[in-house]
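Subject: Structure for your review

Dear colleague,

Please find below the structure that I am handing over to you. My notes on what was found in it follow directly after.

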Amino acid sequence: MKSSTSLLVRMGGAMAALMTSFCALAQDPYPSKAITMVVPFPPGGAADVAARPVAEAMGRYLKQPIVIENKAGAGGGIGMAQVARAKPDGYTVLMALSSVVVLPEVDAILQRAPMYALSQLKPIARFTADPVVLVVRSNSPWKDFQQFSSALKASKGGYSYGSSGNYGTMHVPVEQMRSVIGGSLLHVPYTGASPAIVALLGGQVDFIATGPSTVAGHIQSGRLRALAQWGTGPVPTLPGVPTLTDMKVPVTYAQWTGLFAPASTPETTLAKLREAAKFAANDDRVKKSLQSAGTYLQYQDSAEFEKFVVHDADAMRKVVQHMGKID
């Protein structure tokens, strides 16, 4: 009886091991279906401009479509939080703007429950890093930054600017600038860069500061005029546009786009995403698409990008703390 029981136990163990091996073999290799790339802003903004050609190229490399999902709201926080909480299987990724490092600190300042923690997201690659550009309508009385600055200093809140939301990548740089040159402004937050640009073109606000890719076409067509940019030197897509440091305003700001995945995504899956991101960064179609949109590739791989994110988060934390609570 003992021997038969022992035999049954051994047979059961062998069967379990066989089934485990079979299940492992039966699992589909990643990726086996479409991937969703969440863009936490409306179509037409800097993140969307980068996401579309990158998604197409990564999809070609992975041999699965990558579908863009624009999930706007809360200055990008809704879409970012969606990916931070997503199943870590590689089928939901995020194309974020630099505001991804700011919003957790904003939640702390406002003493509200955090939408997400930066530690919930794993950096995969950076694609662009553009200084924002100060633009006004072509019929604006301000022909250069000196005229703009003089008007702002004399203003008692009569001028307004649009942004993609409180503490976002169009809000923070303007407040940096204003803190140096003085004056008072009315901040009008929208759900993204595209609606803010529409508001500027329609005369609802007086100026905006945004990524070059979102306004390059309007500058070239003569509808908008660029007065200054937040870079540390000349920008290829903004020839002749001076930096704020040239204008004795010592502030800089880069609006970057980067790809993230949920932090606990398996390393083998992350490796595939990194490979696809590198392929996209070297793809001529991606480079041409970004250039035609008014930006250019400034790729960083995952290791370099992780260090960059930590440094930028620290720098922006100090800026946001200086801005303080905004009602």
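K288 lies in helix α10; helices (H or I, at least four residues) and strands (E, at least two) are DSSP runs, numbered from the N terminus. With a relative accessibility of 59%, K288 counts as exposed, given that buried means under 20% relative accessible area, exposed over 50%, and partly exposed in between (1.4 Å probe, protein chains only). Between K288 and N70 there are 218 residues in sequence and 23 Å in space, C-alpha to C-alpha.

Please note that this is a predicted model, in which local features need pLDDT of at least 70 and side-chain atom pairs count only at pLDDT 80 or more, while totals for chains, interfaces and linings use all residues. Residues are numbered from 1 along each chain as its sequence is written, and side-chain values use heavy atoms, with hydrogens and water left out.

The chain as a whole

The protein chain contains 11 helices and 10 strands. Its C-alpha trace spans about 100 × 45 × 30 Å along the principal axes. Of its 327 residues, 51% count as buried. Contact here means heavy atoms within 4.5 Å; among contacts in the chain with a separation of 6 or more, 77% come from residues 24 or more positions apart.

T295 is found in the loop between α10 (284-292) and α11. T295 has 3% relative accessibility and therefore counts as buried. Neighbours within four places in sequence aside, T295 is in contact with T128, D130, S213, T237 and L290. Just after α8, G222 takes a positive phi of about 90°.

The sheet

Five strands form an open sheet of mixed pairing, in the order β2-β1-β3-β10-β4. The edge strands, each pairing on one side only, are β2 (66-70) and β4 (121-131). Two strands pair if DSSP finds at least two bridges between them. On average, and with direction ignored, neighbouring strands of this sheet are turned by 20° against each other; axes are lines fitted to C-alpha atoms, for helices over the stretch in contact, and angles run from 0 to 180 degrees between N-to-C directions. Strand β3 (residues 92-97) pairs with β10 in the antiparallel sense over four bridges, and A96 stands opposite G258 in β10. Helix α11 packs on the sheet, touching β4 and β10, and its direction makes about 75° with that of β4.

The nonpolar cores

In soluble globular proteins, nonpolar side chains tend to be buried together. A nonpolar core is a set of buried Ala, Val, Leu, Ile, Met, Phe, Trp, Tyr and Cys residues joined through side-chain atoms within 4.5 Å. The largest such core in this model has 83 residues, and M37 and M177 have the most contacts inside it. Helix α2 (residues 46-62) contributes the largest share of this core, nine residues. Apart from this core lies another, of 16 residues, including A196, L200, L224 and A226. Not counting residues up to four places away in sequence, M177 touches F145, F148, L152, F207, W230, L244 and V251.

Aromatic rings

Rings of Phe, Tyr and Trp (its six-membered ring) pair if their centres lie within 6.5 Å; planes under 30 degrees apart count as stacked, over 60 as edge-to-face and the rest as tilted. By this rule the count is 13 aromatic pairs. The rings of F145 and F148 have centres 5.9 Å apart and planes at 35°, so this pair is tilted. F145 and F148 are three residues apart in helix α5 (residues 145-154), about one turn of the helix, and both are buried. The rings of W256 and F305 have centres 5.5 Å apart and planes at 85°, so that pair is edge-to-face. This pair links distant parts of the chain, with W256 in strand β10 (residues 254-262) and F305 in helix α11 (residues 302-323), 49 residues apart. W256 and F305 are both buried. Ring pairs also link W142, F145, F148, Y159, Y161 and F207 into a cluster.

Yours sincerely
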